[in-house]
There are 2 protein chains.
Amino acid sequence: MSDPVRRSTKQRAAIYEVVQVLPNFHSAQDIHAELAQRGSRVGLSTVYRALAAMAIEGDVDTLLRDDGETLYRQCDQEAHHHHLVCRQCGATIEVDGPTVETWTRRIAAQHDFDEVSHTLEIFGRCPNCRAKS
Amino acid sequence: MSDPVRRSTKQRAAIYEVVQVLPNFHSAQDIHAELAQRGSRVGLSTVYRALAAMAIEGDVDTLLRDDGETLYRQCDQEAHHHHLVCRQCGATIEVDGPTVETWTRRIAAQHDFDEVSHTLEIFGRCPNCRAKS
DNA sequence: AAGATATTGACAATCGTTTTCATTTAGGAC
DNA sequence: GTCCTAAATGAAAACGATTGTCAATATCTT
């Protein structure tokens with residue numbers, strides 16, 4: 001009935017550590033590869049399980065890419081927020097959107113929907129990448 | 001260099017027809033099944049290819065679900081717009097968001113990004129489904 | 001230390017989607 | 001209509017991210 005007690009393990013610590021250190025968003029597979037690189041031999045399933053758990057706990061930040069792949073990143077802000085992501089280099093800026101929050105709530109209310117959530121990501125090309133092309 | 005010429009086939013016509021008839025969003029597999037149901041034996045690959053092409057042409061409307069599955073639907077409006085989707089029954093309302101459009105453009109401009117696009121979907125529970133529970 | 005159970009990891013399985021490639025077909029040229 | 005060329009199809013295999021299985025292992029409690 002109740003959730004199992006969470007135990008702290010070397011693997012989870014290693015995974016968390018890597019996520020904290022890596023800049024921007026990375027896939028579970030990236031993180032698994034980075035662990036291998038550092039000599040931490042952690043199973044791929046474990047990486048997936050740990051990241052999913054951390055995402056639920058709010059310890060990491062997630063982003064669903066256009067092709068359906070899930071990316072993870074350290075969580076800078078606790079609060080709900082969105083991302084401005086560079087298509088080319090993946091640089092990410094966290095953006096806060098009171099305007100959007102209000103707007104989505106209003107739209108939902110207008111149509112009498114409840115238990116509302118939303119997803120919003122902005123994609124573009126950052127000044128750096130523009131300069132290079 | 002230039003795009004291949006597009007030819008019109010029975011299969012594409014059948015696929016388009018089904019999309020027009022079906023209410024709300026459906027996966028490529030759903031549409032393939034519906035075609036089979038109607039006696040139209042169209043290959044699954046063809047359905048995927050046709051839907052992807054139609055999406056690019058703007059002939060159908062797409063929605064990326066949380067789990068990464070792509071859903072297709074007839075396109076009511078030509079213009080860019082977003083969706084308010086019921087998590088339970090899948091009912092979809094198209095919403096127009098001048099507020100959001102302006103906001104995303106402003107955010108992008110603030111950070112000096114160009115070639116900007118964005119994804120926004122609102123999920124919730126519709127009045128019908130609320131009544132049933 | 002010992003017991004109970006959460007966690008791990010190698011591997012198989014899933015599932016949506018894409019690719020391959022031989023065969024068929026559309027559409028223009030004649 | 002007939003030919004021709006390239007586009008389109010479809011069956012099956014390949015793919016890639018993710019999840020399930022389950023025996024072995026590690027953690028926390030007592």
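Axes are lines fitted to C-alpha atoms, for helices over the stretch in contact, and the angles between N-to-C directions run from 0 to 180 degrees. This is a predicted model, in which local features need pLDDT of at least 70 and side-chain atom pairs count only at pLDDT 80 or more, while totals for chains, interfaces and linings use all residues. Residues are numbered from 1 along each chain as its sequence is written, and chains are lettered from A and ligands numbered from 1 in the order in which they are written.

**Exercise 1.** Describe how helix α1 (residues 10–21) of chain B packs on helix α2 (residues 28–37) of chain B.

*Solution.* Two packed helices are described by the angle between their axes and the distance between the axes. Helices (H or I, at least four residues) and strands (E, at least two) are DSSP runs, numbered from the N terminus. For α1(B) and α2(B) the angle is about 105°, and the axes are 10 Å apart. Therefore α1(B) is roughly perpendicular to α2(B), a term for angles of 65 to 115 degrees, whereas those under 35 count as roughly parallel, those over 145 as roughly antiparallel and the rest as oblique. Next, find the residues in contact, that is, those whose C-beta atoms, placed from the backbone, lie within 7 Å. Ala14(B), Ile15(B), Val18(B) and Val19(B) of α1(B) meet Ile31(B), Glu34(B) and Leu35(B) of α2(B). Sorted by class, this contact has six nonpolar, no polar and one charged residues; Ala, Val, Leu, Ile, Met, Phe, Trp, Tyr, Cys and Pro count as nonpolar, Asp, Glu, Lys and Arg as charged, and the others, Gly among them, as polar.

**Exercise 2.** Work out which elements of chain A supply the side that touches chain B.

*Solution.* Begin with the totals: 31 residues of chain A are in contact with 31 residues of chain B. At least two residues each come from β5 (92–95), α4 (98–110), β6 (114–125) and α5 (127–132) of chain A, and β6(A) gives the most, with 12 residues. The residues on this side of chain A divide into 15 nonpolar, nine polar and seven charged. Strands pair if DSSP finds at least two bridges between them, and β6(A) pairs with strand β6 (residues 114–125) of chain B in the antiparallel sense over nine bridges. Within this pairing, His118(A) has Ile122(B) as its bridge partner.

**Exercise 3.** Determine how chain A is related to chain B.

*Solution.* Superpose the copies by least squares on the C-alpha atoms of residues with pLDDT of at least 70 in both. The same surface serves both copies, since 100% of the contact residues of chain A recur in chain B.

How values were computed
Contact = placed C-beta atoms within 7 Å.
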